[in-house]
Amino acid sequence: MKKYRPERIAELLKEEVSEIVGYEMNDPRLGLVTITRVTVSPDLRHAKIYVTHLGPAEDRDQTVAVLNHAAGYIRRQLFPRLHLRVIPELTFAYDDSIARAARIEDVLQEIRQQAGESESHQPPAGEPSSDSLSD
């Protein structure tokens, strides 16, 4: 089997599952759900779908639970669209990479601010200080 096939199947799953969840599922518990990425096992039997949801943590957990409960329905909707012999078993998980990236950005911003404050008190290395310029 080609090693790029799972990647192609993952991309197809991402597109189709996004459409099904976004436009065809009418569950008010879902809210605004975004499919961020999909990983497929090498044998194409299992797919893990990572989602994000805007809102409190309780709603995020409920959203993942609702999607896992609806996995059978989503698989049935995928069968005529993907033309695969076997549709992968779907497992949904919350993707916290966006929250982690935001936290890293906040920490970097704090470091930049602290570095900016300390640089304003000392001249950069290799440049003469204002005291030596007045001579």
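1. In this predicted model, leucine 78 touches Leu13, Glu16, Val17, Ile20, Ile87 and Leu90, once residues up to four places away in sequence are set aside.

2. Leu78 also stands out in the largest nonpolar core: together with Ile74 and Phe92, Leu78 touches the most other members of this 28-residue set. At least two residues of the core come from each of helix H1 (5–24), strand S1 (33–40), strand S2 (46–53), helix H2 (57–69), helix H3 (71–82) and strand S3 (89–94). H1 gives the largest share, 6 residues. As background, nonpolar side chains in soluble globular proteins tend to be buried together.

3. Is threonine 52 buried or exposed? Its relative accessible area is 11%, so threonine 52 counts as buried, the cut-off being under 20%. Apart from neighbours within four places in sequence, threonine 52 is in contact with Leu32, Val33, Thr34, Thr36, Tyr94, Asp95 and Ile98.

4. The next point concerns the surface. Ile104, Val107, Leu108 and Ile111 make a nonpolar surface patch of about 320 Å². One of these residues, isoleucine 104, lies in helix H4, which spans residues 97–121. Isoleucine 104 counts as exposed because its relative accessibility is 52%, where exposed means over 50%.

Methods:
Residues are numbered from 1 along each chain as its sequence is written. This is a predicted model: local features need pLDDT of at least 70, side-chain atom pairs count only at pLDDT 80 or more; totals for chains, interfaces and linings use all residues. Side-chain values use heavy atoms; hydrogens and water are left out. Patches are made of residues with over 30% relative accessible area and no salt bridge: like charges are joined within 9 Å, nonpolar side chains (Val, Leu, Ile, Met, Phe, Trp, Tyr) within 5 Å. Accessible areas come from the Shrake-Rupley method with a 1.4 Å probe; for residues, only the protein chains shown count as cover. A salt bridge is a side-chain nitrogen of Lys or Arg within 4 Å of a carboxyl oxygen of Asp or Glu. Helices (H or I, at least four residues) and strands (E, at least two) are DSSP runs, numbered from the N terminus. Buried means under 20% relative accessible area, exposed over 50%, partly exposed in between (1.4 Å probe, protein chains only). A nonpolar core is a set of buried Ala, Val, Leu, Ile, Met, Phe, Trp, Tyr and Cys residues joined through side-chain atoms within 4.5 Å. Contact means heavy atoms within 4.5 Å.
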